[in-house]
Amino acid sequence: VRMASSLRGEVLNLYKNLLYLGREYPKGADYFRSRLKAAFLKNKDVKDPEKIKQLIARGEFVMKELEALYFLRKYRALKQRYYSDDNQ
């Protein structure tokens with residue numbers, strides 16, 4: 001039971017972090033929030049600690065992907081802003 005409660009904290013942190021990242025999602029925060037909630041609810045009855053760890057790892061991977069997406073989007077926007085005149 002102790003391990004499950006420590007994993008519960010990890011899951012909650014993951015949810016909060018993803019929710020925070022979802023604010024900048026291209027299709028909108030509401031779209032992201034509903035998809036996120038559905039994904040977490042789908043796995044709410046998982047009890048096996050190993051399976052929970054796998055799901056947390058998948059969530060952390062999604063976080064890294066989102067961060068990369070946002071970084072690239074900002075980078076492209078900056079690049080266009082500073083180099084758009086050079087390409088004419």
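Here is a chat about the helices, core, ring pairs and salt bridges of a predicted model.

Me: What should I know before I start reading residue numbers and values here?
Reply: Residues are numbered from 1 along each chain as its sequence is written, and side-chain values use heavy atoms, with hydrogens and water left out. This is a predicted model, where local features need pLDDT of at least 70 and side-chain atom pairs count only at pLDDT 80 or more, while totals for chains, interfaces and linings use all residues.

Me: Ok. How many helices and strands are in the chain?
Reply: Three helices and zero strands. Starting at the N terminus, the order is α-α-α. Helices (H or I, at least four residues) and strands (E, at least two) are DSSP runs, numbered from the N terminus.

Me: And how much of the chain is buried?
Reply: Of the 88 residues, 16% are buried. Buried means under 20% relative accessible area, exposed means over 50%, and partly exposed is in between (1.4 Å probe, protein chains only).

Me: What about contacts, how many link residues 24 or more positions apart?
Reply: Take the contacts with a separation of 6 or more: 67% of them are between residues 24 or more positions apart. A contact here is heavy atoms within 4.5 Å.

Me: Which residues make up the largest nonpolar core?
Reply: There are eleven: Leu7, Leu14, Leu18, Leu21, Phe32, Leu36, Ile52, Ile56, Met63, Leu66 and Tyr70. A nonpolar core is a set of buried Ala, Val, Leu, Ile, Met, Phe, Trp, Tyr and Cys residues joined through side-chain atoms within 4.5 Å.

Me: Pick Met63. What does Met63 touch?
Reply: Leaving out residues up to four places away in sequence, Met63 touches Leu14, Asn17, Leu18 and Leu21.

Me: And Leu19, where does that lie?
Reply: Leu19 lies in helix α1. With 31% relative accessibility, Leu19 counts as partly exposed. Again not counting residues up to four places away, Leu19 touches Phe32, Arg33 and Leu36.

Me: Switching to rings. How many aromatic pairs does a search find?
Reply: Three in the whole structure. One of them is Tyr15 with Phe40, an edge-to-face pair at 4.9 Å centre to centre with 80° between the planes. That pair links distant parts of the chain, with Tyr15 in helix α1 and Phe40 in helix α2, 25 residues apart. Rings of Phe, Tyr and Trp (its six-membered ring) pair if their centres lie within 6.5 Å; planes under 30 degrees apart count as stacked, over 60 as edge-to-face and the rest as tilted.

Me: How do Tyr25 and Tyr31 pair, stacked or edge-to-face?
Reply: Stacked, at 6.0 Å centre to centre and 10° between the planes. Tyr25 is partly exposed at 24% relative accessible area, and Tyr31 is partly exposed at 29%. Tyr25, Tyr31 and Phe32 form one aromatic cluster.

Me: Now charges. How many salt bridges does the structure hold?
Reply: Four. Among them is Glu24 with Lys74, whose closest N and O atoms are 3.7 Å apart. Glu24 lies in the loop between α1 and α2 and Lys74 in helix α3, so the pair ties together parts 50 residues apart in sequence. A salt bridge is a side-chain nitrogen of Lys or Arg within 4 Å of a carboxyl oxygen of Asp or Glu.

Me: What about Arg33 and Asp30, how far apart are they in helix α2?
Reply: Three residues, so about one helical turn separates them. Their side chains meet in a salt bridge (2.8 Å, N to O). Arg33 is partly exposed at 39% relative accessible area, whereas Asp30 is exposed at 56%.

Me: And Lys44, which residue is its salt bridge partner?
Reply: Asp45, with the closest N and O atoms 3.7 Å apart. Both Lys44 and Asp45 are exposed.

Me: Last one: where is Phe71 found?
Reply: In helix α3 (residues 49-83). Phe71 is exposed, with a relative accessible area of 57%.
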